[in-house]
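Me: I'd like a close look at one spot in this predicted model. Here is what I'm looking at.

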Amino acid sequence: MKLYLKLAWRNLWRNKRRTVITMASVFFAVIMATLMMSMKEGSYTNMTNSMVASYTGFIQIHAKGYWDSKSMDDSFVFNDSLKAVLDGNKKITGYVERIESFALSATRETTKGAMVVGTDPEAEKRMTHLDEHIDSGEYFLADDKAVLIGAGLAEYHKVKVGDTIVLLGQGYHGTNAAGKYPIKGIVKFGSPDLSKQLIMLPIKEAQRLYGTEGTISNLVLLIDDASEATAIANQLRGEISPNLEVMAWPDLVPDLVDMIEADRVEGYIFMFILYMVISFGIFGTVLMMLAERKHEFGVLVAIGMKRAKLAFVVYLEVITISLLGAFVGIFGAYPVIGYFFLNPIRFGGEEAGKMMEEYGMEPILQPSLDVSIFIKQAAIVAIVASIIAIYPFISVLRLSAIKAMRS
Amino acid sequence: MLTKIAWRNIWRNKIRSLVVIIALALGLWAGAFSSAFYEGMMKQRINDVIESEMSHFQFHEPNFREELQAKYFISGAESIEADMASAPHVIGSTGRVVATAMMGSANKNGAAKLIGVDPEKEKVVTKLNEKLIEGDYFESVSRNPILISQKMAESFHVKLKSKLVLTVQDLNGEIVASSFRVVGIYKSGNGMLDEVNAYVRRSDLPSIMSLDAQDYHEIAVLLDNHDLAEPMAAEYQEKYPNLEVKSWLDLATGMRYMVEAGSTFAYVIVGIILIALLFSIINTMLMAVMERTREIGMLMAVGFNKRKVFMMIMLETVFLSMIGGPLGLLVAFLFIQATGTNGIDLGAMGETYNELGFSAIVYPELALESYINITVMVFAMAILAAIYPARKALKLNPSEAIRKI
């Protein structure tokens, strides 16, 4: 085995130019595939960030039934035993208590349904950086009897900071929840969906409004790694009261997940086409290499080299080239994608911006720098290349020494 | 003479030529098919938008779409309806009363868009009756029937004959509540619309919202030809300057963008594919030149100057493109025709497609113009790809080149 490897290795360096060309075809294939995939994945990250990280959070805990009803009757007490479980889990870095319910918001002229959210201003600052989204006015304090209103909703009501807004909804056990609040600030979210329907007020005031002293409806958890959300949620489920439900972000924003899923399917078609083109590119180079070395192979077989051994050496050569090319490709792709990461493509035109906004994301195309994409694409290309390597293997096995030497 | 040498060179080494020809044909197929797939997807979406959502154009009071208040109704709706009844190319038109509402069941309160329709006319314009999956079309409930989506039925925990309370703002801005009974449950192709749209009889709304029977917020018109939507909208905008007349391109957010700039997306993808093709051709041609070191050295030794060698290799590429190009076009055309007739079912890969208003089956199709664009791009790519290897050939030193095996 060692001998074959040595032979293959020496063959590679005997004709450096040929090796470099073949490696280059794998190298560029990896760059292209990675570029395409990371652009796609990057746009999904953008979508999830503008929705999940800025509002819903990656994991939420509610009373069973709340998610469907959004009713104050399904609220729960954030007690010490639950607190102990959360504090004991090192992956959970923080939490925000919220009360969230649907209510009508009204001014003298206009009425519109709104998502009214009572929250802890300090915790919100730490977790979703809500204070950075303030467009005009000021951030609210825990004891304020004032609200923050989404920019889209403010536009609809034609209100500005200092104006008053009336909230009308259903509180605990069907009581009427009605209140009148001054607007302290206007918030702008990456997701216009949120901007169009959110009203936020300090949790104390919300508990008073909905008549739910001491209970909350949502507990939003902060974690470091979004990809671990589902695993952490599953773990928590076993540890806390069975009357509570734990939901990870894919369940919290199913529409977004659907949208990403559909886009991915579409992406597979294009990726498949791209793989076809690049694999033929590699195949072409390998084919040329074979043609070029026919004479050499003929001589080797003529002087007694076993065809199977020769085929194996050639196979090893192609595999080595593919692996090297794929490996170098990872490093080649990094600066290309890094460039687009630092200088994201901004969707030109008003219409483009509007469309992206409708889907709740910022109108930029920024590729993902997730290392796993690089490795995955390099692996796929390397696998394709090693499948292609079967062709020279077979063709050397069938080699006729006399014909080969005559060419 | 040069042409003849180049032509013969191609056929002397068939494997090499075949590799380049197939790479070119494959690149052309890949570019054309990606575009066709994208165009097919867009077309599907456009048809869905027109046929089941927006129709071809709509009339509104200029403030209505922005503010959605009952007081912004269309005045003079009768004359518009009369116009539409006699206009050519109009398949149907229907007036609607639209209100944002808060919908409440025993379990949940949530936002809804309440749409008052004329059941008979709506059948013609949006085929609402064909979207029913349960119950019937405003028939079995005599007082205040309402059609809700399957999604709403699930989230509000209601079924047929359940009661729903709808709270809306009336003409004077007062908040009024009224109860409706579920007569049917529908499911349209578009999950986002299913989230909010609830349909009632238009005739039930005037008494609730203090409107007159002829006060519509929206008149939707369906034509027999997509291309007429824009010009006809413009024509009626001129005739009714006090109203807003807009085609589907402006009504559905992002549609104009999707149609006008959407092909850029396809070109980005085609671009990446073509660059991949560029590198694969460069590599193959480079191999070809290296392999022919001896032969090219010989040509130079017998008096071929550098310009001639360069021209010869470029000419070979042109010949190869002229064979690979049409071959690729033919394959692409047949492939697009075949998939375009049978459709490609994405449903097998993702069930979520319908949720977004995209049909799960895509019928790829490509306009003649796009075929030409892609062919030109692939040819340009092939010529570009040949320059580097051809330059490499120039750098060969004849005496050294001949010595090489």
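Is His157(B) buried, exposed or partly exposed, and how many other C-beta atoms lie within 10 Å?

Reply: His157(B) is partly exposed, because 13 other C-beta atoms fall within 10 Å, and the label "exposed" would need 12 or fewer. As for where to find it, look in the loop that runs between helix H6 (150–155) and strand E6 (163–169) of chain B. The backbone deserves a glance too: His157(B) has a positive phi, about 55 degrees, although it is not a glycine. Most residues other than glycine have a negative phi.

You'll find Lys158(A) in the loop between helix H6 (151–157) and strand E7 (164–170) of chain A. Lys158(A) counts as exposed, because it has 11 other C-beta atoms within 10 Å.

Now step back to chain B as a whole. It has 16 helices and twelve strands. The radius of gyration of chain B is 31 Å, well over the 22 Å that the globule rule gives for 405 residues, so the chain is more spread out than a compact globule. Its C-alpha atoms fill a box of roughly 100 × 45 × 30 Å along the principal axes. The chain is divided into domain 1 (2–49 + 259–403) and domain 2 (62–242), and the centres of these two domains of chain B are 51 Å apart, taken over C-alpha atoms. Of the 405 residues, 47% count as buried.

One last stop is Arg8(B), in helix H1 (residues 2–12) of chain B. Arg8(B) is exposed, as 10 other C-beta atoms lie within 10 Å. Arg8(B) and Glu316(B) are 308 residues apart along the chain, yet 9.1 Å separates their C-alpha atoms.

Terms used. Residues numbered from 1 in each chain as written. Chains lettered and ligands numbered in written order. Predicted model: local features only at pLDDT ≥ 70, side-chain atom pairs only at ≥ 80, totals over all residues. Helix = DSSP H or I, 4+ residues; strand = E, 2+ residues; numbered from the N terminus. Rg over C-alpha atoms; globule rule 2.2 N^0.38 Å. Buried ≥ 20, exposed ≤ 12 C-beta atoms within 10 Å, placed from the backbone. Domains from an automatic or database assignment.
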